[in-house]
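The following note sets out points for a colleague who is reading the structure alongside its sequence. The points are numbered so that each may be taken up separately.

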There are 2 protein chains.
Amino acid sequence: MDVKKQATIVDVAKKAGVSVATVSRVVNGNYPVKQDTKERVKEAISSLNYVPNVQARELNTRKSSTIGVVVPGLHNMFFAEVIDGIEDAVRQDGFSFLLNCAKNDPMQEMNAINALVARNVSGIIVISPNTKNISERFYEELVARVPLVFINGYHRIKGVSYVGNDEKLGSQMALEYLSGLGHKDIMFVRGAKSDSYDIKEEAYRQFMEANGSLREDYILNIGEGNGVETVDSAMNALQGLIPRLKPTAICCCNDLMAVGALNACKRLGLSVPKDISIMGYDNISLSRLVEPKITTMDQNMFQLGSNAAKLLIENIHGGQSKRIMLDNVLIERETTGISM
Amino acid sequence: MDVKKQATIVDVAKKAGVSVATVSRVVNGNYPVKQDTKERVKEAISSLNYVPNVQARELNTRKSSTIGVVVPGLHNMFFAEVIDGIEDAVRQDGFSFLLNCAKNDPMQEMNAINALVARNVSGIIVISPNTKNISERFYEELVARVPLVFINGYHRIKGVSYVGNDEKLGSQMALEYLSGLGHKDIMFVRGAKSDSYDIKEEAYRQFMEANGSLREDYILNIGEGNGVETVDSAMNALQGLIPRLKPTAICCCNDLMAVGALNACKRLGLSVPKDISIMGYDNISLSRLVEPKITTMDQNMFQLGSNAAKLLIENIHGGQSKRIMLDNVLIERETTGISM
DNA sequence: GCTAAAATAGAAAGCGATTTCTGTGTGATA
DNA sequence: TATCACACAGAAATCGCTTTCTATTTTAGC
């Protein structure tokens with residue numbers, strides 16, 4: 001491929017008959033330049049299709065207007081929606097972002113982050129659902145060099161900003177809601193290895209225990225898997241369990257599992273919410289695409305993303321690191337009803 | 001936030017007691033360096049946590065290992081899945097990528113692209129469903145400076161690589177499949193303003209005409225909208241139309257619409273596929289998450305993405321631009337059956 | 001042992017910008 | 001009219017790296 005060389009500031013200067021300093025000044029508009037010189041330069045710029053080289057500029061100014069984003073992957077809409085929020089906020093501030101997928105692998109996560117540092121990003125947003133994966137040391141050293149924002153993990157590394165929401169509270173709210181509908185026999189479904197699941201299970205145990213109705217066999221762990229395959233795992237497991245355990249409600253750790261539960265019920269000929277109620281978590285778009293639409297606890301991924309990005313940019317500009325907790329709001333839809 | 005300054009090559013050189021050239025050489029390993037010097041340098045590097053500044057390197061070598069990606073947005077899983085494929089391929093070659101969302105707005109698309117050029121990306125992948133949006137001139141000038149790959153539009157700009165698949169053929173295959181199942185009364189549902197929809201409608205018209213059963217009222221245009229709201233638009237429109245028009249099958253331009261059709265049928269108390277068959281297009285993950293799972297025409301978004309990325313990298317390394325057409329494969333699932 | 005070739009290392013130029021430091025004209029002020 | 005401030009523009013240093021171009025060792029070949 002025959003790539004034409006980009007015009008540089010020197011070319012523009014030559015064409016306009018001025019020094020490079022002057023060109024730089026009209027481009028940046030931070031220094032007085034006489035009107036007609038300015039115009040001559042502008043003409044040269046547009047006739048040469050000149051676009052200033054951001055890398056050179058950033059090298060010189062030791063600033064960077066790109067941030068890095070590390071997520072497990074995009075096969076799970078959760079992350080796609082978060083990124084949507086990041087993109088939105090980031091663009092408004094004239095930043096760009098580099099996206100990396102770490103596939104839930106701590107090795108890849110570290111590599112990704114090093115690559116971002118090497119690329120001189122001015123800040124990094126990390127979503128890493130499983131914080132046991134990561135080395136605190138690694139992040140402590142990292143945050144000394146570049147502002148960091150975590151989304152939705154349970155990181156206590158000092159100096160690291162955080163945005164998430166209180167999932168323990170959210171789970172309690174979900175359980176209370178179900179309980180208020182008259183449900184006592186509530187199953188809990190979770191996946192393997194995630195802080196989020198652990199927190200939610202804790203909330204479930206406490207709640208059920210307080211109600212005197214905790215049953216170990218009501219707790220279902222469908223194992224690993226982070227993408228859409230979760231749906232089928234949940235469905236398969238539940239299809240066998242529901243007839244035997246006869247819960248009146250199923251409280252799921254995320255919407256994917258809830259869809260799996262819904263599909264299991266359909267296959268079993270159970271009517272939702274008449275025969276059984278299903279509660280999701282997250283409010284990914286999928287939850288309102290299926291029929292009936294799933295009642296769920298909103299995490300507002302877009303907000304998660306845009307808040308993280310805004311916070312990061314604040315930090316980049318020297319702001320204090322902080323922790324932002326978003327509100328839990330229960331989205332009542334069609335998969336929950338009163339217990340018969 | 002108190003950001004520690006990154007160690008530079010000069011710091012390393014000083015610490016190791018060698019010249020910067022030597023440090024550069026052990027980092028890049030492209031020039032002989034004595035074993036013990038090498039070790040001294042390596043020690044200095046790790047003790048200083050030195051990470052070479054990619055921007056400086058790229059400025060010097062006039063190479064860049066980041067590419068740019070422009071998509072309409074991520075609220076539609078189609079694009080998320082494509083990006084997943086891009087990420088995968090790109091990472092394997094040591095590249096990074098900048099992601100931009102253009103929201104189907106030609107202005108934003110051009111801005112995004114200029115921002116990418118300014119950031120010195122070595123190539124750009126563009127997904128722009130509506131090619132009427134774009135200015136051919138703009139892209140013609142662009143491709144003279146940087147390799148370009150389009151995904152899934154109908155661009156005929158010379159020198160621009162392309163990966164997509166023959167949607168006309170795909171639509172024909174879908175229709176033939178439905179026809180083979182005995183369906184004659186086949187509705188067609190599309191959205192507004194997209195080359196892809198136009199192509200598919202053309203295929204539909206030709207097919208139905210050839211069968212002598214083209215009916216204008218069987219063609220439904222649900223209007224604009226690119227995200228998940230498509231599902232409800234399709235559902236709402238179809239809920240009124242199906243009882244009146246009594247089609248035995250519905251052929252949709254994408255899976256979102258198919259899910260909408262499915263939901264409409266559920267609400268109307270129609271059993272799918274017993275009473276009516278539904279056919280999607282794309283094979284986004286949603287299509288196999290709903291119950292019953294949707295029969296669809298696979299576009300293999302992951303392949304679309306990874307092929308585009310590989311092709312782009314090939315072009316960056318000097319390869320000829322080319323057009324790659326992926327195979328259409330019909331994924332027979334649970335929403336289609338023989339016509340009664 | 002002597003010379004040619006290879007291995008090894010430093011100095012310095014250059015990548016494309018920004019910005020400080022200087023130096024001019026010019027209009028306003030005294 | 002002399003002076004001062006300011007508007008305007010260029011020269012040159014600098015950012016962190018790679019890569020010639022040189023210069024010095026080693027090593028090899030005979």
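**Notes on salt bridges, helices and the chain interface**

1. In this predicted model, B:Glu87 and B:Arg91 form a salt bridge, with their closest N and O atoms 3.0 Å apart. Both residues belong to helix H5 of chain B (residues 77-92), where they stand four residues apart, about one turn of the helix. An α-helix has 3.6 residues a turn, so residues three or four places apart point the same way. B:Glu87 is buried because its relative accessible area is 2%, whereas B:Arg91, at 29%, counts as partly exposed.

2. B:Arg137 is exposed at 56% relative accessibility, and B:Glu141 is partly exposed at 34%.

3. H7(B), which spans residues 136-143, also has buried residues, namely B:Phe138, B:Tyr139, B:Leu142 and B:Val143. They lie on the same side of H7(B), because the arc they cover around the axis is only 120°. The elements against which these buried residues pack are H6, strand E3 (124-127) and strand E4 (148-151) of chain B.

4. The salt bridge between B:Lys193 and B:Glu224 has its closest N and O atoms 4.0 Å apart. This pair links distant parts of the chain, 31 residues apart: B:Lys193 is in the loop between strand E6 (186-190) and helix H9 (195-210) of chain B, and B:Glu224 is in the loop between strand E7 (219-221) and helix H10 (229-245) of chain B. B:Lys193 counts as exposed, at 54% relative accessibility, and B:Glu224 counts as exposed at 60%.

5. Over all chains, a search of the whole structure finds 30 salt bridges. In chain A, a network of salt bridges links A:Arg190, A:Asp198, A:Glu201, A:Arg205 and A:Glu216.

6. How many residues of each chain are in contact across the interface? Chain A contributes 66 residues and chain B contributes 66. The two chains bury about 5,700 Å² between them, and 51% of this area is on carbon and sulfur atoms.

7. Six salt bridges are counted between chain A and chain B. One salt bridge joins the side chains of A:Glu334 and B:Arg267, at 3.7 Å from N to O. Polar contacts between chain A and chain B number 24 residue pairs, with both residues at pLDDT 80 or more. On the side of chain A that touches chain B, at least two residues each come from helix H4 (54-61), helix H5 (77-92), strand E2 (96-101), helix H6 (106-118), helix H10 (229-245) and helix H11 (255-267) of chain A. H5(A) gives the most, with seven residues. By residue class, this side of chain A divides into 28 nonpolar, 20 polar and 18 charged residues.

8. A:Ser96 is placed in strand E2 of chain A and counts as buried, at 7% relative accessibility. Its side chain is joined to that of B:Arg119 by a polar contact of 3.2 Å. Apart from neighbours within four places in sequence, A:Ser96 is in contact with A:Ser65, A:Thr66, A:Ile67 and A:Val90, and also with B:Leu98 and B:Arg119.

9. Which residues of H4(A) are buried? They are A:Val54, A:Gln55 and A:Glu58. These residues are on the same side of H4(A), because they cover an arc of only 95° around the axis. Their cover includes helix H4 (54-61) and helix H6 (106-118) of chain B. At the start of H4(A), a side-chain oxygen of A:Asn53 comes to within 2.8 Å of the backbone nitrogen of A:Gln55. Just after H4(A), A:Arg62 has a positive phi of about 55°.

10. A:Leu48 lies in helix H3 of chain A (residues 35-48) and is partly exposed, at 26% relative accessibility. Not counting residues up to four places away in sequence, A:Leu48 touches A:Ala7, A:Asp11, A:Val12 and A:Lys15, together with B:Arg145 of the other chain. A:Leu48 and A:Val71 are 23 residues apart in sequence, and their C-alpha atoms are 39 Å apart in space.

How values were computed:
Residues are numbered from 1 along each chain as its sequence is written. Chains are lettered from A and ligands numbered from 1 in the order in which they are written. This is a predicted model: local features need pLDDT of at least 70, side-chain atom pairs count only at pLDDT 80 or more; totals for chains, interfaces and linings use all residues. Side-chain values use heavy atoms; hydrogens and water are left out. Contact means heavy atoms within 4.5 Å. Buried area is the accessible area (1.4 Å probe) that two parts lose on being put together, summed over both. A polar contact is a pair of N or O atoms within 3.5 Å; within protein, one must be able to donate a hydrogen and the other to accept it, and residues adjacent in sequence count only if both atoms are side-chain atoms. Ala, Val, Leu, Ile, Met, Phe, Trp, Tyr, Cys and Pro count as nonpolar, Asp, Glu, Lys and Arg as charged, and the others, Gly among them, as polar. Buried means under 20% relative accessible area, exposed over 50%, partly exposed in between (1.4 Å probe, protein chains only). The arc is that of the directions from the helix axis to the C-beta atoms.
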